[in-house]
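Please look over the structure below.

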Amino acid sequence: MAVTIAKSQGTVIAVATGLLAVIAIGAYNEAGMRQAVAVLIGGVAGLSLYHASFGFTAAWRRIVTEKRGAGLRAQFVLILLTSVVSFPLIAWGSQLGWPTGGFVFPFGVAAAIGAFMFGLGMQLGGGCGSGTLFTAGGGSTRMMITLAAFVLGSVLATAHLHLWGRLPKLPAISLIRELGPHGAFLLTACVLGVLAIVTIRIERGAHGDLATSRATGSFLTGPWSPMLGAVMLAVVGIATFVVVGRPWGITSAFALWGGKFFHAIGVPVDTWPYWTWQRSALENSVLRDTTSVMDFGVILGAMVAAALAGRFAPVWRLSRRDLWTAIAGGLLMGYGARLAYGCNIGAYLGGLVSGSLHGWLWLLFGFLGSLLGTRLRLKLGMG
């Protein structure tokens, strides 16, 4: 079926794809083919996130305010589809000549506070790490403000991270190491299965039946069903493991962008403990940072998707409430993400598909913060 695209939207597609190509070439020149492919993986992520409207924030909010759990169940499918490949890669990749590492971190007081802050901030800001990127790329001026505050909060957290690190914490625990990849996958599937059943019972108890899922309209122009979004994002996650050798991440790049800006204007961030062991990152091209180039890909991929859907139309007027909640949400997410090893993608998704206990604990404290944020949204009349 032929697709008709307005001239203005066609211009957006041309600009976005051109920028994507320029960044991919620059990444190749700086760090080789894997870096260039990482840009394209990010582009697919942005396209998928936009067409499926696949956000963690709205799904967490809907189970509370509307008693609807389809978004959560789509997240669980994403986790399981990725884990079925990532767990064996982490366990046996080195033996097969394909070294792959997971995100396995200790979790303590600082991480719990950070995850709670992030959950609160994402409801005020209107999107998580990936949600901020794809909605900003899709033309949301409010999310551009959230992203700027996100970057600022991230770099401010790096000034204090060494102090937060002194608080008590649990050791890093890998379920893959403790139970093997099969045992870890079985345990993950069982827990997610129980959570899915709980969401089904909540939804049926409130409405009598499950909501009919949105069907996929067009693969090229969208919209996509949540499950197609989950499958495509699992492809993104698996491709990241295969190409980059680790899980997909988002927010470490925000700290780097802020750090490079502060460094450029004379703030001595290179003397902060967080940056002393990665001073070269401040001085090298940002195209050498894999997370950064993937984030650029997400933004541009979402821009292409919005234009394909005929919906790229930035609105420049914002209410005072929208402005201040965007700033507050971004600052909370940025600071919280550094304390808690990342956002919904890097810490929650990245932790679970790595078989790390910290991913489950992040989910618990992040959801508690999201509950408070949801209540605040209702008080502020944000829905």
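## R204 and its partner

In this predicted model, R204 is partly exposed, with a relative accessible area of 44%. Its side chain meets that of D209 in a salt bridge, at 4.0 Å from N to O.

## The salt-bridge network

R68, R73 and E203 belong to one network, joined by salt bridges that share partners. Within it, R73 pairs with E203, and the closest N and O atoms are 3.0 Å apart. R73 sits in helix α4 (residues 70-92) and E203 in helix α9 (residues 175-207), so this pair ties together parts that lie 130 residues apart in sequence.

Both ends are covered. R73 is buried at 14% relative accessible area. E203 is buried at 1%. The cut-off for buried is under 20%.

## R62 and E66

A search of the whole structure gives seven salt bridges. One of them links R62 to E66, with the closest N and O atoms 2.9 Å apart. R62 is partly exposed, at 36% relative accessible area. E66 is partly exposed too, at 36%.

## The nonpolar patch

F116, L364, L368, L372, L376 and L380 make up a nonpolar patch on the surface. Together they have about 460 Å² of accessible area. Helix α17 (residues 357-379) contributes the most, with four residues.

L376 lies in helix α17. L376 is partly exposed, with 31% relative accessibility. Patch residues need over 30%, so L376, at 31%, passes that cut-off.

Definitions and conventions. Residues are numbered from 1 along each chain as its sequence is written. This is a predicted model: local features need pLDDT of at least 70, side-chain atom pairs count only at pLDDT 80 or more; totals for chains, interfaces and linings use all residues. Side-chain values use heavy atoms; hydrogens and water are left out. Patches are made of residues with over 30% relative accessible area and no salt bridge: like charges are joined within 9 Å, nonpolar side chains (Val, Leu, Ile, Met, Phe, Trp, Tyr) within 5 Å. Accessible areas come from the Shrake-Rupley method with a 1.4 Å probe; for residues, only the protein chains shown count as cover. Helices (H or I, at least four residues) and strands (E, at least two) are DSSP runs, numbered from the N terminus. Buried means under 20% relative accessible area, exposed over 50%, partly exposed in between (1.4 Å probe, protein chains only).
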